[in-house]
Amino acid sequence: DAGRPVIFIHEKAAKKLDIYAGDRISLSFKNKKIVSIIDTVSGFIKEDEISLSQEIISFFNAKSGEIIEVYPILEPGSIELISKKMNGRELLKKEIYLIVREIVSNALTEAELSYFVLGVYERGMTIKETIALTEAMYKTGQSLHWPPNYKIADKHSIGGIPGNRTTPIIVSICASQGVFMPKTSSRAITSAAGTADTIETLSKVDFSASDLKKIVAKTGACLAWGGSLGLAPADDKLIRIERMLNLDPESQLIASIISKKLAAGSKYLLIDIPYGPGAKVSRFEAEKLKSKFLKVTKHFHINAKIMLTDGSQPIGNGIGPVLEMLDILRVLKRDSPPKDLEHKSVLLAGEILELVGKAKKGGGKSLALEILNSKKALKKFQEIISAQGRKKGQLKLSKYSHSIKSNKSGEVQSIDNKKINHLARLLGCPIDKGSGIFLHKHKRDKVTKKEPLVTLYSQSRGKLNESIKYFYSANPFVVR
């Protein structure tokens, strides 16, 4: 159950065969091949046995008594190329393709993948390299193909802002007007929840390509996890390393987003780049990133709109899967919604409606608000959730909670996004769906002494206590 292809061999057998933990080995069965990493164990298996991780067993689907061939392989060719990137030299297109192919085939260890991520983070990539990385990631995976009459649109945020859960609202607004939006999302990398984590509180999110197409044919949209579809599989492996290192290199961020959109068949794309203190990028960096996105999307003939938005504080009241879903439902049901979440969702949905020709220039925002107020978006959202397989039961918050109150009266001057994200993860997000933070106050809100700033939720008393300590030591809220 290692989560990746691993072969386990007894340490005595490994010594006889001069095999070491971390060596690579290739397995072959009925014209299917997979590269695996070796790990050594003692006592778990006999000396003349090897054991396979679940990922290999599932990949081959071999029955008892069938023969799998096992043989050693040479060191991957991309090791030298990763060193080249770490030394600050530009990679050729064929070299990037080789690295990506070896990532997909599991030929690289986690340590080697980490060096690649660090190399790209420290040394950067040219636009030429970024385009080659995007193309390689896109072409080494599966692709979704749609009828020619489908105008496939998509929306993506570079992330980093707690509670920024606009996607389900935007998809519901646009799909209610006949815009096809097969939205595939990732899980959280450094934040409290990704769109897939949040939607999973209500419905299933992992589908095969054929099931996903049925959902889109029925409702015009979906809100699915991209990891189960085999779209740009190198990206999923890199994201796992980025999550461990808490890094999100710019070139990989661009390649990750665009490769997934190409694989999903998107022709129209809105990209949200939140900027400001506590966001992933400053205003200056956001402008540079926008320029790079436009160059890459133009190369791949995607009709793109890049929006720079205020990312100086969390959006909405809820941070964490269930809490964010409750915010989404309040917006869709028109039930005392968080105004900042509503405003941003309407703004971005309006841009997509204009981009695909469903609204006149300058008229998208008012149309989006009209759709929201008519509850057509709510109806479409419920259709999508039902088509994906609605889960039984109510949305439940974690059983332990604690409100933190302001120690003085004044105005909230700032809220640190990174500290809030870290706090939510300490509480158990995104694994514990009901854990997270409810924000009682935002920037520029007045607050009186002993008035609640936040309420923390966790499934674990220990995690809650550690999170309370962290809040007081890190001071994510500044009140003056």
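Mentor: Before we start: two residues are in contact when they have heavy atoms within 4.5 Å. And keep in mind that this is a predicted model.

Trainee: Got it. So what is Leu353 in contact with, leaving aside its neighbours within four places in sequence?

Mentor: Quite a list: Ile173, Cys174, Gln177 and Val179, then Lys358, Ala359, Gly364, Leu367, Ala368 and Ile371.

Trainee: And which residues have the most contacts inside the largest nonpolar core?

Mentor: Leu353 is one of them, along with Ile173 and Phe381. That core has 42 residues. Several elements each supply at least two of its residues, including helix H7 (167-175), helix H14 (339-355) and helix H16 (376-388).

Trainee: OK, zooming out. How many helices and strands are there?

Mentor: The protein has 18 helices and 17 strands. Its radius of gyration is 24 Å, close to the 23 Å from the globule rule for 480 residues, so the protein is as compact as a globular protein of that length.

Trainee: What share of the residues is buried?

Mentor: 54% of the 480 residues. The protein still exposes about 21,800 Å², with carbon and sulfur atoms supplying 51% of that.

Trainee: New topic: charges. How many positive and negative side chains are there?

Mentor: There are 76 positive and 50 negative ones, and the centres of the two sets lie 7 Å apart.

Key: Residues are numbered from 1 along each chain as its sequence is written. This is a predicted model: local features need pLDDT of at least 70, side-chain atom pairs count only at pLDDT 80 or more; totals for chains, interfaces and linings use all residues. Side-chain values use heavy atoms; hydrogens and water are left out. Helices (H or I, at least four residues) and strands (E, at least two) are DSSP runs, numbered from the N terminus. The radius of gyration is taken over C-alpha atoms; the globule rule is 2.2 Å times the number of residues to the power 0.38. Buried means under 20% relative accessible area, exposed over 50%, partly exposed in between (1.4 Å probe, protein chains only). Accessible areas come from the Shrake-Rupley method with a 1.4 Å probe; for residues, only the protein chains shown count as cover. Lys and Arg count as positive and Asp and Glu as negative; His and the chain ends are not counted. The place of a charge is taken as NZ of Lys, CZ of Arg, CG of Asp or CD of Glu. A nonpolar core is a set of buried Ala, Val, Leu, Ile, Met, Phe, Trp, Tyr and Cys residues joined through side-chain atoms within 4.5 Å.
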